[in-house]
Amino acid sequence: MHYTDFPDRLSSVEMPVMMIVPQLAQKIVERSMKVLPFNVNVMDGRGIIIASGTPQRIGDLHSGAQMVLARQQAVEIDTAAAASLPGAKAGINLPLYGRGEICGVIGITGAPDETRQFGELVRITAEMMIEQALLTGELQRERRYREEFVFQLLTRTGVSAESMSAWAARLGVDLTQTRVVTLLHIDSPRAEPDHLLLNLQRAQSELIGRWSSLLTAVISPRELALLEPFDTSGPQGNCLHRAQKRLHELDQVVAHCVELDYTLTAGISLAGLDGASASYQSAKTTLAVAKSRGAKRPCTSFYEYPLPVLLADLDLGWKRERFLKPLEQLANSDPKSGVLIKTLAAWFANNGHPTLTAKALHIHRNSLDYR
């Protein structure tokens, strides 16, 4: 009989907090029946069959399972008892526990004297599968929770600073630590979105498997962001060396799991709540600068192009006009020969050294001073 025929009986059974999903229940049935010569059923916390070696029974109410749930212990039903229970069959039924509470029932159909010897083995195997599924689910939820945090941290879509700080504390992320964002960007223009996402997810899994503390988030179908601590001590040359070394390590992993053309781009290393989003934006700008300069290498860093990246937003609008105004005044003062502009360029090229600048321009030092 179907469970909808027994609304009163169903309501009398207390529902567990944790429930077995049908997919897991069917795996338990299939694994058990590979070694048993009997039919196996798995019932949920209401006593409804959710997986069975006899598929037509799925959805039926299982009287033996309801007895197990009510008594909190194993129940055996012999042929005589089965005749008095609607839809029941002889067999042994045992409670299934997950994290210390009953989450379902497993039943082996057959005479109790024949099925009893298999009951404990089947129950232990089923509970091991349940625990494994619980652990996997928790890990997946934790991963999604961390990924959403990284997404919000980098894109700042409206979550308050207070909420982000509390979120970071719950995850054990120290926002005062200097961190860098590295972008894995898929360059293949004709790839389908599903194919792009598959490559990013594969890379994400491999990278987390290699470095479990790595914070990651898929920002778009073409973009995976990696957030991790970065040492900024010493001169800038040290930062460049460290960034290149780390990019090479990441590339070693990505190259084996991404089958499309890609780039790895590291941004500037900053601390604080706003530092992560700034590092993300700088990584995107670094990628654009590197492409505009015809960079052929798949790995680039902010520390290779610090000045072009810092000045990148001056290309448009009032910032560009303000930035170029002194240079325009200089050019207007010397419209014909352009000697002042040439002198300025030589002065920068020689790091402001007067003697070297005069020598490069083939002029006397006094002439340089006059200019």
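Buried here means under 20% relative accessible area, exposed means over 50%, and partly exposed lies in between (1.4 Å probe, protein chains only). This is a predicted model, in which local features need pLDDT of at least 70, side-chain atom pairs count only at pLDDT 80 or more, and totals for chains, interfaces and linings use all residues. Residues are numbered from 1 along each chain as its sequence is written, and side-chain values use heavy atoms, with hydrogens and water left out.

**Stop 1: the antiparallel sheet**

Select β1 to β5. Strands (E, at least two residues) and helices (H or I, at least four) are DSSP runs numbered from the N terminus. The five strands make an open sheet, ordered β2-β1-β5-β4-β3, with antiparallel pairing; two strands pair if DSSP finds at least two bridges between them. At the edges are β2 (49-52) and β3 (75-77), each of which pairs on one side only. From one strand to the next the twist averages 25°; axes are lines fitted to C-alpha atoms, for helices over the stretch in contact, and angles run from 0 to 180 degrees between N-to-C directions.

Pick Asn 41 to find one of the pairs: its bridge partner in β2 is Ser 52.

**Stop 2: two arginines in loops**

Select Arg 99, in the loop between β4 and β5. This arginine has a positive phi of about 55° although it is not a glycine. Its relative accessible area is 44%, so Arg 99 is partly exposed.

Go on to Arg 156, in the loop between α5 (112-155) and α6 (161-171). Here too phi is positive, at about 45°, in a residue that is not a glycine. Arg 156 counts as partly exposed because its relative accessibility is 27%.

**Stop 3: the mixed sheet**

Select β6 to β10. The strand order in this open sheet of five is β7-β8-β6-β9-β10, and the pairing is mixed. The edge strands, each pairing on one side only, are β7 (215-220) and β10. Twist from one strand to the next averages 20°.

Helix α9 (residues 273-292) lies across β6, β7, β8, β9 and β10, running at about 45° to β6.

**Stop 4: strand β9**

How many of the residues of β9 are buried? Select residues 262-266 and colour them by accessibility: five of the five are buried. Tyr 262, Leu 264 and Ala 266 point one way from the strand, while Thr 263 and Thr 265 point the other way. In a regular strand, side chains alternate between the two faces of the sheet.

Show the neighbours of β9 as well. Strand β6 (residues 179-186) pairs with β9 in the antiparallel sense over five bridges, and Leu 184 stands opposite Leu 264. Strand β10 (residues 299-301) pairs with β9 in the parallel sense over three bridges. Ala 266 has Ser 301 of β10 as its bridge partner.

**Stop 5**

Is Gln 204 buried or exposed? With a relative accessible area of 3%, Gln 204 is buried. Leaving out residues up to four places away in sequence, Gln 204 touches Arg 143, Glu 147, Thr 216, Ala 217, Val 218 and Leu 224.

Finish at Leu 310, in helix α10 (residues 306-310). Leu 310 counts as exposed because its relative accessibility is 54%.

Key
Contact means heavy atoms within 4.5 Å.
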